[in-house]
Amino acid sequence: MSDADIRPADIKPADAKPTATPRADVIHDIGYRHYDGPRLGRSYATRSLFVLGLRGSFGLGRSIKSKILPMGMLAVMCVPAVIIVAVAVYTKMGQLPLEYPRYLSNLQFVIAVFIASQAPVALSRDLRFMTLPLYFSRPLTSRDYVRAKFAAMFSAMFILTALPMLIMWIGSMLASMSFSYNLEHLGYGLVAAACYALVYSGIGLVISSLTPRRGFGVAAIIGLLLISEAVSGIVYGVLTVKGHHSGAHWAMLINPGGLVDSTVTWMFNLRHQGFVGVPSTFGAYVFIAEILVLALASYGLLVRRYRKI
Amino acid sequence: MSVIITDNLTKRFPRVTALDRLTVDVQPGVVGLVGANGAGKSTLIKILLGLAPATEGSARVLGLDVATEGDAIRERVGYMPEHDCLPPDVSATEFVVHMARMSGLPAAAARERTADTLRHVGLYEERYRPIGGYSTGMKQRVKLAQALVHDPQLVLLDEPTNGLDPVGRDDMLALIRRVHSDFGISVLVTSHLLGELERTCDHVVVIDGGKLLRSSSTAEFTQATQSLAVEVTDRQSDPSFDADAAMRDRLTAAGLSVTADGSRVLLVEIKGDETYDLIRDAVADLGLGLVRMEQRRHHISEVFSYDAASAADATEEAPAHV
């Protein structure tokens, strides 16, 4: 509308007489109004779904009850870091008592519980309540849906794993520890966090996409992670007893947590602990390849799973 | 402009042919798609949304090709599925806002449109409560609202009256009528109940076994056969007086064809507006009471039962034009 159009009604000349003002207490039925504002399309919808998924992973925007577990897990991840920092500062240590990536390997169980509880939340609701046709009758495609959900789960996992290490790093800086050493090792830790997030999100989402029942999803994910860890431990033990000390590390292949841990330990030449480690340089490359294959395969399987609705 | 055009549209699954050379041309308005369960209604909707490829033939929605321009179609079309699709633990407002954003509306516009749309479908204070506690009628309204929230040019409603009681059915049908008359949005509504579509739709397309049975306007179906059902009381002062016979003689004398339908109802052919006046005057002159005078149309179903038989004879039908 140009200026000229609105002038007669909205802008009164100075000498106009006060006309009868409309009564203020009238309810106007404005009827149906068409929407002619912007339509932001697929990428915007995908981003919205990502933000919703990320918030949902921590129970934000959901009921109080849904906040308890993810927020609890986040607290459990962070509290030891705060304690470590406090002890290190109090006893005036020159260095943190724990490597950054090592912190995550010690708390693998917490990461597993988080993914087991939150991956089904991301997918099972839409399956169970059959909301998917509503998404896919909009510009959003099934591939966009998978991308948004995967990215949201990955980001949630990354926040969960990176936050405690960030606390440790801030603590080390407050205690005036070596800046360059801590920054470098925080970097190692963040690489480890990204690997955990990638592998665990992929496995968790693929399993939860198979069942509309959240309970089954939770049980299947936690079961898979625990059993694979136990089996790889047993295989490692048997091989070590038989004398295959370095070859025994191949057992890490069937244990997602051990896989990431071993790979990161080798990559940054960190101190070994427990049965973590790579069998050989070749083995290390195999481990890296498996991490990538796990991530890509789970993405591919999800895309496949949602292609038909 | 045609809203939906299909040309020899065919969809074959390994075991069954869901759509068999379907050719229709749907104009703006409320269009009913009728067929028994498994007639191919839902398959047609999926193809029209660009979600499933056709085996053969082509289709255009709002002038856009379903095979190549699915994105653009889905931006301009709303869809209400037949089955339950609402999460019970969120409120109608939260849910519809989310769906509006999935359609590409910015957050502020999504909230505003949601409030408007929920009001238009008749959900007020309850929209802030979790959907789990809603009645079936309210849930159907939420499903309709999410299909309308992005102000589409066409909505595809799959069995919107499913599971509703008679009153709920009437409300939903009136609402669907308003979607076109007040909102200016074209509607394709499926049902397996002909009676419903008769009241609601401008046009009806009937498919059976994936084949087009008939496609024409509702008025065309029923116009030729309009009649008035008239029922009068006896004279209280003179119970022996045969009021029905007197009415019949009176109206026949005025040149109207009158048939009795067995009970006390007379079916009077409508010749125009003056028919109503004639009946009123006849009742007044004879000193009778008028119990009812209502338009009675032949039901579409009768037309179809006849139609199905004749269609079976003439399988090679010209492309139907709604």
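Helices and strands here are DSSP runs, a helix having at least four residues and a strand at least two, numbered from the N terminus. In those terms, Asp151(B) sits in the loop between α5 (136–148) and β7 (154–157) of chain B. The model is a predicted one.

Asp151(B) has a phi near 50°, a positive value in a residue other than glycine. Most residues other than glycine have a negative phi. Asp151(B) counts as buried because 23 C-beta neighbours lie inside 10 Å, and the cut-off for buried is 20 or more.

Lys92(A) is not a glycine, yet its phi is positive, at about 55°. Lys92(A) is placed in the loop between α3 (64–90) and α4 (100–106) of chain A. Is Lys92(A) buried or exposed? With 7 C-beta neighbours inside 10 Å, Lys92(A) counts as exposed, since the limit for that class is 12 or fewer.

Chain A contains 11 helices and 0 strands. Chain A has 309 residues, and 39% of them count as buried. For contacts in chain A with a separation of 6 or more, 79% are between residues 24 or more positions apart.

Chain B has 11 helices and 14 strands. Of its 322 residues, 40% are buried. Among the contacts in chain B that join residues at least 6 apart in sequence, 69% link residues at least 24 apart.

Two helix pairs show how parts of chain A are arranged. In one, helix α5 (residues 108–128) packs with helix α8 (residues 179–208), both of chain A, at an angle of about 45° and with the axes 8 Å apart. α5(A) and α8(A) are therefore oblique to each other. The crossing in which α5(A) passes α8(A) is right-handed. On the α5(A) side, the residues that meet α8(A) are Ile111(A), Ile115(A), Ala116(A), Ala119(A), Pro120(A), Ala122(A), Leu123(A) and Ser124(A). Their counterparts in α8(A) are Tyr196(A), Tyr200(A), Ser201(A), Gly204(A), Leu205(A) and Ser208(A). Sorted by class, this contact of α5(A) with α8(A) has 10 nonpolar, 4 polar and no charged residues.

The other pair is formed by helix α10 (residues 256–267) and helix α11 (residues 281–307) of chain A, whose axes come within 10 Å and cross at roughly 130°. α10(A) and α11(A) are therefore also oblique to each other. Here α10(A) passes α11(A) in a left-handed crossing. Which residues meet in this pair? From α10(A) come Leu259(A), Val260(A), Ser262(A), Thr263(A) and Trp266(A), and from α11(A) come Ala284(A), Phe287(A), Ile288(A), Glu290(A) and Ile291(A). The contact of α10(A) with α11(A) has 7 nonpolar, 2 polar and 1 charged residues.

The next topic is the contact between the chains. Chain B gives 29 residues to this contact and chain A gives 27. On the side of chain B that touches chain A, α2 (70–76), α3 (92–102) and α4 (107–120) of chain B each supply at least two residues. The residues on that side of chain B comprise 13 nonpolar, 7 polar and 9 charged.

Leu51(B) lies in the loop between α1 (41–48) and β4 (56–61) of chain B. Leaving aside neighbours within four places in sequence, Leu51(B) is in contact with Phe136(A) and Lys46(B). Leu51(B) counts as buried because it has 20 C-beta neighbours inside 10 Å. Between Leu51(B) and Ala115(B) there are 64 residues in sequence and 29 Å in space, C-alpha to C-alpha.

In soluble globular proteins, nonpolar side chains tend to be buried together. The largest nonpolar core has 140 residues, and those with the most contacts inside it are Tyr196(A), Leu48(B), Val96(B), Val155(B), Val187(B) and Leu188(B). What does Val187(B) touch, not counting residues up to four places away in sequence? Val187(B) touches Val30(B), Val31(B), Val155(B), Leu157(B), Ile176(B), Val179(B) and His180(B).

Terms used: Residues numbered from 1 in each chain as written. Chains lettered and ligands numbered in written order. Predicted model: local features only at pLDDT ≥ 70, side-chain atom pairs only at ≥ 80, totals over all residues. Axes fitted to C-alpha atoms, helices over the stretch in contact; angles between N-to-C directions. Parallel < 35°, antiparallel > 145°, perpendicular 65-115°, else oblique. Left-handed = near helix turned anticlockwise from the far one by under 90°. Contact = placed C-beta atoms within 7 Å. Nonpolar A, V, L, I, M, F, W, Y, C, P; charged D, E, K, R; others polar. Core = buried A, V, L, I, M, F, W, Y, C linked by C-beta atoms within 7 Å.
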